[in-house]
Each structure stands twice: as structure tokens, then as C-alpha cells.
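Visitor: Hi! I'm new to this one, could you walk me through it?

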Amino acid sequence: MKKIKGVRISPGIVCGPIYYFEKGRLNVPRHFIRAEDFDSELQRFKQAIQASVNELKQVRDLVLDHLDEEHARIIDAQLIAVQDEEMIKAVENLMHQERKNVTWAYYEVMNEYEALLLKTYSQFFKERTADLKDIKKRVLHHMVGEEETILPDINKPSIIVAEKISPGDLIHIEHNLALGLITWEGGFDSHAGILARAFRIPYISNVDLIEELVSYSEIILDADNEEILLDISGSLKQEYLTRITEFQKLRKRIISAKVANSTRDKVPYHIYLNVGFVDEVEAIDPQLIQGIGLFRTEFLCIEQNTIPDEEVQFQAYRAVLKKMGHLPVIFRVFDFGRDKLLAMLDLEVIQEDHVFDEWGGIGFLLENPDILKAQLRALLRASIHGNVKIMLPLVMFTDEVRQTIELLHEVQRELQEQGIPFRKGIELGAMIETSSILEQLDGLADLVDFFSIGTNDLALYLIGSGRTVDLTRNYYHPKIFNAINLIVSAAKRANVPVTVCGEMASDPYALIGLTAMGIRSVSISTSALAEISKEISALDTKMLENLADLILSADSAATIYSLLVQFHQDCLG
Amino acid sequence: MISREISILNKYGLHTRPATAFVTEASRFKSEIFLEYKGVRVNAKSILGLLVLAVEPGATLTLLADGPDEEEAIEALAILTRNKFNLE
């Protein structure tokens, strides 16, 4: 038997064959066509080009508005190249002469151009193949369509092995085909990581022997113990298979009992769910939970590879609300961080460009009021089907909230004039996750109905670090706990409820710290639900009284960590 | 069919941005327009063709046009090239 170690991103254990996912490899349907199919094939091609042109125009507008002319020109070049007349002629010729179907012909023609560029002597021209790859992927995506998703091509349930995986890639894999995930790059807070936990797919990263795995026909991925097992047989294998069966049972039902609604000493406590997909909601029994504390609407965009229009959004929001009944659902309006936007645009050429760092949050939406207005309309229209709350991401200034409220009023007036029903008095909340808003909490509390602390981004702002880097240690940083203390105090003064909805709340030790600081409401991913619910029902808040002072006077993350681990052992262990 | 020699004066040759400008301008004309470089002739309205030529800075190319507006096309494209595609 052989073991390979990694870092746990999403818990669980599975056994299965490997699917090696090579980034950028396309699955292109290839077959010969009859003469009478020629026109319809060509028609399909022209439509795919038109769809790509429309998408690129949308991308171009966004880039021009938020970046500069320079980057917009990259898109201009793609816009011209995607409808290149010589390329189209070459595709038609190949279809005529060799009877190849249109995806096959297009794929070959584009590859030929790539090969020619690679043959040139200049590094500069060689690098243009990145543009060609982007274009090719985009057009093929439109031709191959939904049912035969081009990326990646998995036909049986497998453990996916890749250098790295984007949320876009993961979404395009049918949920039941991804048994587990193994990557070299990728952290706990990466969006692929959040997704894996949402769908309860075991995932470990930082595995540096990726190539070696490929030669095995079957492996065991034990994410609980952060290892991969190879060449395993006999009674040992049997032990693992028993655990795997257990996990599969657990995976099907997220939670079998009602989520705790108070601590052991009967202090009321709220545990909400973080959700990103309409599909995810389907598996939840609303009888057992208290509501959705964070619905990440931008995942709709990643799913569709574009910003969905008002109607598509309305359908999605309504489906979630209908399923949840009277339970509150907090929809966070689109939060396009650099990583999410890039995953959506799927543009490798600007992937490495750091100017995108500043994108995201409510600031971005206010600069694109059309996007925000369409979303608010969709949410208001859906509001009559359930208990909607709206949350603003990455608030930096109170004025952003003021502007959003104005826009919301405008949308309400419009709906009223058009005779479209909506619920009045919908609660509006702000995510506290930037350092600048920490200084304006009282002013903010006057404007909103609730606070939600986004610990992932807050850690980035206060401590700094890339999102794909493991942030676990940062949860225990004194700066984080000081900020949380500040937020809880401001919320108390203004009598505004506050929820922690970052990954920090799913950490059993950090949760004790949060509760000691006065947090009585958390929103967590489904994979952490059972464990956190159990912990909260075992907590006694009276025993936490001295802990807050100890945490606030600690001078290092290590001190706080050992304090919390000690408490966990003494009082819960 | 008429033709004219043109020189690429841009710092990096006929790369993406000048090629984009060139193709956009060429596409305004009805005539067929070609560029010839190192014995290879490509459709000047095809950005992929232009990129594949990988025209180096300082290179001289032959611009050819055939059609109702061939004179204007050659003139406009020669001026655009001389002005470094209005980019530098």
C-alpha cells in the first residue's frame, strides 16, 4: 500500500477510478456528414459565431467601463477574429471536401492557425495563441451546447485529478460524476473549494504527485485524513469500503435532525445555510433548517457563463423561495471578485492581470446600475413567493448603501407603475468585510436592517493574503477578533442583528471564539451543518464569559488558537 | 489589380492591435485586398491571416487590391500603415 498526502479542502471519503482533467483540453464531437446536412451544420456554426460576438460585446463594455481602452482592444481583436472570413471559408471547405462535421472542421482550422503562429520566430506572435484558444473555446461551447458540455468530458463517476480547477470547470461536471477532487493548486477558501463543500465532494489539494496517480485504475481518496491510498487490498480495503458506504449515506441526507436553535443553557442561536445553487436547495428539507443566510447569486453567472437576464434570475430566485417557504433567504447581490468574474468571462489572456484586483462588491454594481437594477427587479418580483432579504457585498462606504436604497426605491416605483406585485419593506443588510467600513459602523447601522460579517474577505483586508492561499490560521488572528468585537458592539448599540457568514464559522475552534465575542447567529455551508449544530447545542455560554477578555488581550494567533483548543477540550471534548 | 509596397514602422511589427486596425479599415472596402510577405499571400480582411504572417518591425510588404474601389483602398491602407495605425 502507498499513501500520498495532501491538505483537506472538503471532507469525506471515496473510492473510484481517476479522471485526469487536463486544463484546456476540449472534447470535440467528430463525425462525417451527409451532403444534405451541410446547410444546417453551417447554420449552427454561424449562430455560434453570432452568440460569441454578442458575448464578447458584453465583455468589451465591461472591460471598457472598468479598465481601459488598452484591455478593450484585446477584446476588439477577438471580436474580429471570431468572425474572420478566411477562417469561415476554410471551415466550409473542410466540410465540403472531407465531409467533416462543423465542430470537427472548426477545431482543425483553428488548430492549424495556432500551429502556424507557433511556427513564427517571434515570441510575441507565439503568445497570441492564447487569444485563439479563448476564441475556439467560446465558439465550440456554443456549438456543442448544454448536453454535451465540452469541459471536461467525463462519462462515468470518477475522482477528478487536475493541476487546478476553476469553479467554472466544476460546475460543468455533473454532480454525480465527480466522486472526489484532487488538485495541486487550490486553497480552502477558493471558490472551487466552497463548491466542493456545497456539493459534499471530498477534496484535497497541495498534492504534488499528480502525474503518478494517473497510472492507477482505482484509488481511495480519504479527505478526512488528508491522504490518497494506492495499491490497497484485503481487509484494510474492506475497512475503508465500510467508511465509504457510511459517507455515501451521510452525503445523501445533509442533516437528519433539526438544526439546533439554542445553546445548552437555552440561549437562542441561529444557524443558517450558505448556498450558491438552486440545485443545492433541492436537497434541503426546510423543516429541519432555519433559513438561508447567504445565497451567492453570482454563482448563477458562473453557471451560465454570462450575467443572466432579469427573467432567468427571477425564475431562479422564485424556485429557491418557493422551496424554503416562510424561512428567510438572504440573497447577496452579485459579488464579482476578480476570480469570479474571470471564471465567468473565461478569458485566459487576462487571467494574470492584476488590475482586476479592485473589481467586485456593491461598488462595481453601482458603476453598472443596469446590472444591479435588473437584479433588484428580479428579487422584488420573486419576493411575493417567500421571505426575501437583500444583502450588499463588500461595502466600503455608507454612501454606497444610500445609493443602493435610492435605486431600490426607483425599481419599486417602476414596478408599481407597471402593476407588478412585490413585497414591501424588504430588509436590506450589509456585508462587513472591508477595513474601511469598520470605521463607519454606526452610520451604517442607521441605514441597514442587519449586518453580516464576511470573515474570508475581512481576513484579506486586515491581514492580507491571496484567496487561494490557506487562510485557516488567519481565523485566529487578534485583528479578526478585535474587528468582530467592534462589529458586535456597534450592532448592539443600534439593535441590529449580526450574523457571521464566512468560512470561519464552520471551524469548531473559531466558533467558540465567535460565540464568546457575542455572536449568536452564523451561516455555514451544508457540509459543516451537522457538526456545528452539535457543537452549539453542547456549548454553555456561561462558561464563555472570561474567554472574550482573554482573546482580546492575546497578542498572537497562536495564543488565541491554543486558548480555543484548550476550551474545546475542557468543555466539549 | 493594383499593388503598392508598404513598410511596417511599428515598434513590434504587425501585432494584434495594428492588425485589428488594419483589418477594420480593409473591411470597409468592396475590393479584394491582399498582403504579401515572404512569398505568402493572405486576405487582408482576415486578422488570423495577418497574425500568422508574423510581420516583423521594419518589414516591407506588398499590398494588393482588386475591385471597384481598389485605388481608395490602397491609398487609405498605405496612409494608415504610414501613421503606424494611429497607435504610437
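Guide: Keep in mind that this is a predicted model. To begin, the side chains of Arg264(A) and Asp540(A) meet in a salt bridge, with 3.5 Å from N to O.

Visitor: Where do Arg264(A) and Asp540(A) lie in chain A?
Guide: Arg264(A) is in the loop between helix H10 (234–252) and strand E10 (270–275) of chain A, and Asp540(A) is in the loop between helix H22 (526–538) and helix H23 (547–553) of chain A, so the pair ties together parts that are 276 residues apart in sequence.

Visitor: And is Asp540(A) buried or exposed?
Guide: Asp540(A) is buried, at a relative accessible area of 13%.

Visitor: How many salt bridges turn up over all chains?
Guide: The search of the whole structure gives 32. Another one joins Glu311(A) and Arg381(A), whose closest N and O atoms are 3.0 Å apart.

Visitor: Which helices do Glu311(A) and Arg381(A) lie in?
Guide: Glu311(A) sits in helix H13 (residues 310–324) of chain A and Arg381(A) in helix H16 of chain A, so this pair ties together parts 70 residues apart in sequence. Glu311(A) is partly exposed at 36% relative accessibility, while Arg381(A) is buried at 15%.

Visitor: What network of salt bridges are Glu311(A) and Arg381(A) linked in?
Guide: The network links Glu310(A), Glu311(A), Lys373(A), Arg377(A), Arg381(A), Glu410(A) and Glu414(A).

Visitor: Tell me about H16(A), then. Why is it described as largely enclosed by the rest of the structure?
Guide: Because 10 of its 14 residues are buried. Among them are Ile371(A), Leu372(A), Gln375(A) and Leu376(A), as well as Arg377(A) and Arg381(A).

Visitor: How far does H16(A) reach from its first C-alpha to its last?
Guide: Helix H16 covers residues 369–382 of chain A and reaches 20 Å, close to the 20 Å expected at 1.5 Å a residue.

Visitor: Switching to chain B: how many helices and strands does its secondary structure come to?
Guide: Chain B has three helices and four strands. Along the sequence they follow the pattern β-α-β-β-α-β-α.

Visitor: What share of chain B is buried?
Guide: Of its 88 residues, 57% are buried. Also, if you take the contacts in chain B with a separation of 6 or more, 70% are between residues 24 or more positions apart.

Visitor: How many residues of chain B are in contact with chain A?
Guide: There are 20 residues of chain B in contact with 21 residues of chain A. Arg17(B), Leu48(B) and Val52(B) supply 34% of the area that chain B buries against chain A, more than any other three residues.

Visitor: Which elements of chain B give two or more residues to that side?
Guide: Helix H1 (16–26) and helix H2 (47–53) of chain B do. By class, the side of chain B that touches chain A has 10 nonpolar, seven polar and three charged residues.

Visitor: How much area do the two chains bury between them?
Guide: About 1,700 Å², with 72% of it on carbon and sulfur atoms.

Visitor: And how many salt bridges does the rule find across that interface?
Guide: Zero between chain B and chain A. The rule does find five residue pairs in polar contact there, both residues at pLDDT 80 or more.

How values were computed:
Residues numbered from 1 in each chain as written. Chains lettered and ligands numbered in written order. Heavy atoms only, no water. Contact = heavy atoms within 4.5 Å. Buried area = accessible area lost by both parts, 1.4 Å probe. Salt bridge = Lys/Arg side-chain N within 4 Å of Asp/Glu carboxyl O. Polar contact = N/O pair within 3.5 Å; in protein donor to acceptor, adjacent residues only side chain to side chain. Nonpolar A, V, L, I, M, F, W, Y, C, P; charged D, E, K, R; others polar. Expected span 1.5 Å × (residues − 1). Buried < 20%, exposed > 50% of the residue type's maximum accessible area, 1.4 Å probe, protein only.
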